[in-house]
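I opened the model and kept notes as I went. The entries follow in the order I looked things up.

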Amino acid sequence: MRIAITGISHETNTYCGGITTREDFYTYRGKDMLATAGQESDVGGAIDACIRWSKEIPLEIVPILYAGAQPSGVIQRQTYEDFKAEILSEMAATGPVDCCVLLLHGAGVVEGIADLEGDLAAAVRATLGDVPITASFDLHANLTQAMADQLNGIFVCQQYPHIDLHQRAAEAVAAALNMVQTKRRGICRVTSLPMLMPTTTTFEGIGQTMLQALLAAEENAGCINLSWCHGFPYTDVAHVGASVVASYYPEQAVAAQEAAKQFAANLWRRRQEFIPLSLSGEQAVALAAEQPQGPVVIHETSDNCGGGAPGDGTHLLRAMLEAKLGAAACFSFLVDAEVAGAAHQAGVGATLRVSLGGKTDDLHGDSLNIVAYVKALHDGRLIMQHMFRGAPINLGPMARLVVEDMDIVVASRRNQTFDQEPFLALGIDVMKYHYVALKSSNHFRAGFQHIAKAIITADTPGLNTHRLEVFPRQTTTRRLWPVDEQAQFN
Ligand SMILES: [Zn+2]
């Protein structure tokens, strides 16, 4: 049996300036994909699963191309067309496969193509014909029926932080192989809700409660899969929003569709519980000061590179400096290649006058003019320890600056703080601080929830603010909650 593995994964924030091009993507081609085995990512999980299955059944893995990028602006048309053409031509060149697994995000937007995944799935279907094609998706997918129509099974990441991407990809592999062996084909049906969900963790609160309800409903329905996409609200496309998707065999259709309907109605009924507290930087710092014990993690959710924001915002850092938190506080990290480069040039022990952050746009705050002591330097090459465990991450040259006794880490490449590594690399033990600041919406929880005495969200002005009403919507004609309280779901 031969199984093709391929995918393009991008979370497109259409409110970002700039366009996402070939240079922004990292790629694994052919046999290079096999090296991701063991990484807790979608591609690592799919390859791992194929290797495991190949010990039980005669299975040839046909790795084609995986292309992923940091969340950012709309993808350049030519970049997407080149990736797609490469996938299709490699598929044609490798000869017939028995099934295929697509590794997708679900919120990809290309110049002139609002639904990247729908377009790609249709092209792959046209090339492969009637073989089982299953797919794994990110929790933040804006799913469409156009995507689902081309697929025989949809497996959406369940957790936020996304600690289960590899498990869902493995399920997509298992389902595709099973459909080959049983000669059956799954069907996928999407129920879309007119609901924009602010970023919501599944590690506690309403997100966790609803995930448990979803898993119970799936078990009860006995179908291939029942998934819930939170959707990605920072995308101006007609199909933006939360959804529920059921994958089932024909004889499971009634139970699966009923389960999806009930769960969607339940989500809609409880929607007000998803509205989070929105605190300014100053309010977040004040609330952290009231906590009896540290470390208190303050996460600046609104300037999250993992949602397309620049990561060089200064709103929270300015509030911390003005509060004179000094040696009780550390922050890792702001993205500013210029400042990190200057620190590397000057060397450990130097004192610099720099303009830090606030260089990408006018939304994320003004640059901070500071005098900084260079305490430590690092090349920024780390291995992820919690979410994406085992995968490499390259933050570029990093520097630990000391400003008015506060430890501030600056990195060179856009990314979010997933775990404690960006602190530890520069010699910072977060357990010794009361205030631990970082930029991330929820993925950081995988590496901090177990040590934080409290977690406080700073919702400063930014491209990932919880205040969804600030984003103009030109492409959707639907009324969308919570921007429009008149929105209705039947
Ligand atoms: Zn996501």
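I started with charges over rings. Arg-271 lies over the face of Trp-268, 4.0 Å from the ring centre. My criterion: NZ of Lys or CZ of Arg within 6 Å of the ring centre and within 35 degrees of the ring normal. Arg-184 does likewise with Tyr-249: its charged end sits over that ring, 3.8 Å from the centre.

A note on the source. This is a predicted model, where local features need pLDDT of at least 70 and side-chain atom pairs count only at pLDDT 80 or more, while totals for chains, interfaces and linings use all residues. Residues are numbered from 1 along each chain as its sequence is written, and side-chain values use heavy atoms, with hydrogens and water left out.

Next, ring pairs. I took rings of Phe, Tyr and Trp (its six-membered ring) as paired if their centres lie within 6.5 Å; planes under 30 degrees apart are stacked, over 60 edge-to-face, the rest tilted. That rule gives 12 aromatic pairs. One of them is Phe-423 with Phe-448, edge-to-face, at 6.0 Å centre to centre and 75° between the planes. Phe-423 belongs to helix 11 (residues 421-424) and Phe-448 to helix 12 (residues 445-448), so the pair ties together parts 25 residues apart in sequence. Helices (H or I, at least four residues) and strands (E, at least two) are DSSP runs, numbered from the N terminus.

Phe-423 is buried at 0%. Phe-448 is buried too, at 0%. I also found an aromatic cluster made of Tyr-15, Phe-232, Tyr-234 and Phe-471.

Then the metal. Which residues coordinate the zinc ion? Asp-138 (OD), His-140 (ND1) and His-162 (NE2) do, at 2.1 Å. Donors are N, O and S atoms within 2.8 Å of the metal (3.2 Å for Na, K and Ca); water is not among the atoms, so sites may look incomplete. The donor spacing in sequence is D-x1-H-x21-H. His-140 is in the loop between strand 5 and helix 4 (145-149), and His-162 is in the loop between strand 6 and helix 5, 22 residues apart. His-140 is buried at 5% relative accessible area. His-162 is buried at 2%.

On to the sheets. Strands pair if DSSP finds at least two bridges between them. Strand 1 (residues 2-9) runs parallel to strand 4 (residues 99-103), and four bridges join them. Ile-3 stands opposite Cys-99 there. Axes are lines fitted to C-alpha atoms, for helices over the stretch in contact; angles run from 0 to 180 degrees between N-to-C directions.

The order is 7-9-8, with antiparallel pairing. Strand 7 (187-192) and strand 8 (225-229) each have a single partner strand, so one side of each is left without a neighbour in the sheet. Six bridges join strand 7 to strand 9 (residues 243-248). Val-190 has Val-245 as its bridge partner. Helix 7 (residues 253-269) lies across strands 7, 8 and 9, at about 165° to strand 9.

Terms used:
Contact means heavy atoms within 4.5 Å. Buried means under 20% relative accessible area, exposed over 50%, partly exposed in between (1.4 Å probe, protein chains only).
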